Amino acid sequence: MKQLLNLYFLFFKISLFTFGGGYAMVPLFQSELVTKHQFLSLDAFANMVALAQMTPGPIGMNSATYIGYDQAGVLGAFLATLGVVTPSLVLTMAAAAGINRWKNSPALKAALSGIRPAVLGLIAAAVIFFAEASVFETPLCFLWQKSQNFCLCWQGIVIFAAVIAVELTIKPNLIITVAGAGALGWLLGLV
Amino acid sequence: MTSNNPTPPARPDDTPEAAKPHPEQVPLMQRLRVLFWVFLGISAFSLGGGLAMLPIMSREFVSKRHWLTDDDMVDSVAVMQSLPGIIATNMAVLIGWRIAGIPGALAATAGVFLPPFVVILVIAALFRQLTGNPAVDDIFLGVRAAICALILLTAVKLGRQILKGAYEIVVAFLSFVILAFSPVDAIWVIILAGLSGLAMAIIPALRLKKTQTGAKTP
């Protein structure tokens, strides 16, 4: 019971501090789920986000359902997802009720003028995190901790470059890009 | 995967030139049903979510049913972007609330909630058995590399919009460094950034400095 409530409030908290949705959530999830609560390892976390990206639905909700299920079964999945939804439900309805006052509030505008660039920083940090889990085979901080070997994963680099090239030129549907990258990963793995 | 394909809510009820938005004329239950199915479809088919859902919403609620105007959509996006939470749910609550009050918000949210919930439950059960399989690991390596590239592109696009002055660059850079290379909680970065925004607005001296440094630093 306590575990279920904890799950609910954990995801409530993450959702409450997510601005801009999607990828901005990755560092929040990482600090709460991996660093603080140690629900899963870094690798498992990266795979979880990959799975959330590959499956239908918003990344945040997919991740909540997955972690909730992993920790406490179907009920855990339900409460974790509910936790993600609750702040939206309450705050958005409150804002919708006073939509004009909300839109023009100077304090809100000021706070957001700081939060927006921070969200950009969050997303950039998510790039590093995923680079560490694909292009590099080690966390980047090992670069200056000389004790560790630093290695690059060539398959990751090839796929990364291919996706950038495809996205800048053909811009296919995201499903196709992600599925293609998965297939390429499998093919390169055979080499 | 599962059979949650939304039956497309395609009752062609677009009487041309239906008078401006009057969703009240449609029975509540029908509005709730449409909200539920449209948002279920949006949630089921938006991989990664985000603003990709906007065209679908505007087709369903503005051009097809005349329940909202384009201005309503623009307003909703502006409010939604200033609220925390998942974009799809925020949008569901806002649009649902406008079309059918609190029941509408709940119906639309339920629509967003259901597809990920069902699909992930099915996959999560399978997923744990799949990891460790070398082929699956290779596929996931590919997907992680793709996500890395996709997030990078998102960051570049956002950066072009957001990084207008020295203040924005400093905040973005500091948050990035703190998050990527220190164990500080992401939540604290958001809180501090919000406070710094407030401080910039409240303290005129800071604002003065901002314009100066903005002029000086490249």
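Predicted model: local features only at pLDDT ≥ 70, side-chain atom pairs only at ≥ 80, totals over all residues.

Helix α2 of chain A covers residues 25-36, and its 12 residues reach 15 Å from the first C-alpha to the last, close to the 16 Å expected at 1.5 Å a residue. The helix α2(A) is mostly covered, with 9 of its 12 residues buried; among them are Met25(A), Pro27(A), Phe29(A) and Leu33(A), and also Gln30(A), Ser31(A) and Glu32(A). The cover over these buried residues draws on both chains, and includes α1 (2-16), α3 (42-54), α4 (59-97) and α6 (106-132) of chain A as well as α6 (166-181) and α7 (186-202) of chain B. Just after α2(A), Gln38(A) takes a positive phi of about 50 degrees.

Chain B has 8 helices and 0 strands, and buried residues make up 42% of its 218 residues. Among the contacts in chain B between residues at least 6 apart in sequence, 59% join residues at least 24 apart.

The contact between the chains takes 91 residues from chain A and 84 residues from chain B. On the side of chain A that touches chain B, the elements that give two or more residues include α2, α5 (99-104), α7 (154-169) and α8 (174-190), while the largest share, 23 residues, comes from α6(A). The table sorts this side of chain A by class.

| Class | Side of chain A that touches chain B |
|---|---|
| Nonpolar | 61 residues |
| Polar | 26 residues |

Notes. Residues numbered from 1 in each chain as written. Chains lettered and ligands numbered in written order. Helix = DSSP H or I, 4+ residues; strand = E, 2+ residues; numbered from the N terminus. Expected span 1.5 Å × (residues − 1). Buried ≥ 20, exposed ≤ 12 C-beta atoms within 10 Å, placed from the backbone. Contact = placed C-beta atoms within 7 Å. Nonpolar A, V, L, I, M, F, W, Y, C, P; charged D, E, K, R; others polar.
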